[in-house]
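Hello,

Here is the structure I promised to pass on to you. Have a look at it first, and then read on for what turned up.

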Amino acid sequence: MSVDTSDIIGKSRVLRDVFNMLAKVAPTETTVLVAGESGTGKELLVRALHRNSQRRDKPMVPVNCGAIPKELLESELFGHEKGAFTHAVRSRAGRFEMAEGGTLFLDEIGELDMSLQVKILRFLQEKEFERVGGSKSIKADVRVIAATNRNLEEEVKSGCFREDLFYRLNVIPIELPPLRRRGDDVLLLAEHFLDKYSRGSKPLGISSGARDLLLNYPWPGNVRELENFMERMSILCDNNEIKPADLPEKVLQAGGIEPEFRPDQGDGFKWPSLKDMQESGLDLKDFLENIEDRLLLEALENSEWVKNQAAEVLGIKRTTLIEKLKKKDLAPGSSTQIDK
Ligand SMILES: Nc1ncnc2c1ncn2[C@@H]1O[C@H](COP(=O)(O)OP(=O)(O)OP(=O)(O)O)[C@@H](O)[C@H]1O
Ligand SMILES: [Mg+2]
C-alpha cells in the first residue's frame with residue numbers, strides 16, 4: 001500500500017526512516033507512541049497515521065491532555081452520566097465514544113495524572129471504560145495514538161508515569177528527529193513556507209550566505225520556529241531575497257558571526273559610510289589608503305615594530321607588509337628598530 005505523506009516536507013534519511021515506519025504501522029491496529037521535541041511535527045504525523053489507516057473514513061479525535069484542566073479531563077475523555085457532579089445536568093458522551101471506529105489522539109500524554117493513567121491502561125487492555133458517575137461498562141472500537149515531547153522513560157524512572165502504561169503505549173515508538181538533525185530539510189522547509197506565505201506574489205529567495213546560516217542554527221523550536229520565522233520574513237523582508245543581515249542575532253551568532261560585524265547594527269564596530277568618506281574630504285582610493293595606513297601603524301606599534309608579529313596580527317605575509325611599508329614610505333628609517 002502506498003502511503004500519503006505529502007504534507008510532511010523533507011527528504012532526509014532520518015525522516016525517510018519515519019516514513020518507512022509509518023507505512024508499516026499505519027494500516028495496523030496497534031497503539032503508537034510518537035515522541036519528539038516541541039514543533040517537530042508530531043500532530044502532522046499522527047494525522048498521517050490516521051489518514052493512512054483502515055479507519056480513515058471514521059473520526060480522528062484529538063485530546064490535548066496538557067490543555068484540559070485535570071478535574072475536567074476524565075469526563076472529557078470518558079463522558080459522564082446525569083448527576084455525576086454539580087453541573088452534570090444531562091448525560092454526555094466523551095471523546096472515546098466520539099472516536100468510535102476511528103482514532104483517539106492523546107496528545108501530551110505525559111501530562112496525565114496517575115488516576116487517569118490507570119483508566120487509559122484499562123481501556124487499552126480491555127477496550128472498555130465507564131462514564132464518570134456511571135456503573136455500566138461501555139465498549140469502544142477505538143485505536144489510540146499518543147504523543148509526547150517529554151522523555152517518558154525518564155518520567156517512569158522518576159515515578160511520574162506508570163511503567164505498565166508506558167510499555168503498553170510503547171509497542172511501536174516513532175521518534176521524530178529534531179530539525180537540526182535533518183540536514184538540508186531545513187532549506188526545503190524554508191522554501192515551502194516562503195511559498196506558503198507569499199500570498200500570490202513571487203516567493204522570497206534565500207541568498208547562499210543566509211542558507212548557510214539557516215543550516216547552522218540549531219532550531220530549538222524546530223519546524224514551528226522555522227515556519228513562524230519564514231512567515232515573518234515574508235511580511236518584513238524588503239528585498240526579493242533573504243540576506244544574512246535580515247537574520248536575527250541568534251541565527252548569526254550560531255553561525256559564528258559576531259553581531260558587531262553586521263553592517264549598520266550593534267553598538268560596536270561600524271563600517272564607514274559614504275557620509276564618513278565625504279566628510280573626510282578624501283576620494284575612495286585615498287580614504288581606503290588612509291584606513292590601511294592607520295591599521296598598519298597600529299599593528300606595528302602594538303608589536304613594538306617587530307614585523308613578523310605585526311604581519312601575523314594583520315593576517316598578511318611579512319614580505320607583503322614590508323612591501324606595503326616601502327610603497328607608503330612608512331618604512332622605519334631608524335636602525336634602532338628591530339627588523340625581524
Ligand atoms: N515536515 C513538515 N513539513 C511541513 N510542515 C511541518 C512539518 N513538520 C511540522 N510542520 C508544521 O510545523 C508546525 C508544528 O507542527 P506540529 O504541531 O505537528 O508539531 P508538534 O510536534 O505537535 O509540536 P508540539 O510538541 O509543540 O505540540 C505545524 O504548523 C506543522 O504543520
Ligand atoms: Mg502537538
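How do the residues of the shell around ligand 1 divide into nonpolar, polar and charged? There are six nonpolar, five polar and six charged residues in that shell. Please keep in mind as you read that this is a predicted model.

Let me start with the overall layout. The protein is split into three parts: domain 1 (13–177), domain 2 (182–261) and domain 3 (274–328). Taken over C-alpha atoms, the centres of domain 1 and domain 3 are 69 Å apart.

Now to the ligand. The space that ligand 1 takes is the largest pocket. Around ligand 1 there are 17 residues, and the closest are Ile 9, Ser 38, Gly 39, Lys 42 and Arg 224. Domain 1 and domain 2 each give at least three residues to this shell. As for helices, at least two shell residues come from each of helix H2 (42–51), helix H8 (185–196) and helix H10 (222–236).

The backbone also comes up against oxygen atoms of ligand 1. For Thr 40, a backbone N or O atom lies 3.3 Å from an oxygen atom of the ligand. For Gly 41, a polar backbone atom is 3.1 Å from an oxygen atom of ligand 1, and for Leu 44 the distance from a backbone N or O atom to a ligand oxygen is 3.2 Å. Taken alone, ligand 1 exposes 630 Å², and the protein buries 83% of that.

Enjoy exploring, and do write back with any questions.

Best wishes

Terms used. Residues numbered from 1 in each chain as written. Chains lettered and ligands numbered in written order. Predicted model: local features only at pLDDT ≥ 70, side-chain atom pairs only at ≥ 80, totals over all residues. Heavy atoms only, no water. Near = heavy atom within 4 Å. Polar contact = N/O pair within 3.5 Å; in protein donor to acceptor, adjacent residues only side chain to side chain. Areas by Shrake-Rupley, 256 points an atom, 1.4 Å probe, with all protein chains shown as cover. 1 Å grid on protein atoms, 1.4 Å probe; cavity = no way out; pocket = protein on both sides within 12 Å on 5 of 7 lines; lining within 4 Å. Sits in = over half its atoms within 2 Å of the grid points. Helix = DSSP H or I, 4+ residues; strand = E, 2+ residues; numbered from the N terminus. Nonpolar A, V, L, I, M, F, W, Y, C, P; charged D, E, K, R; others polar. Domains from an automatic or database assignment.
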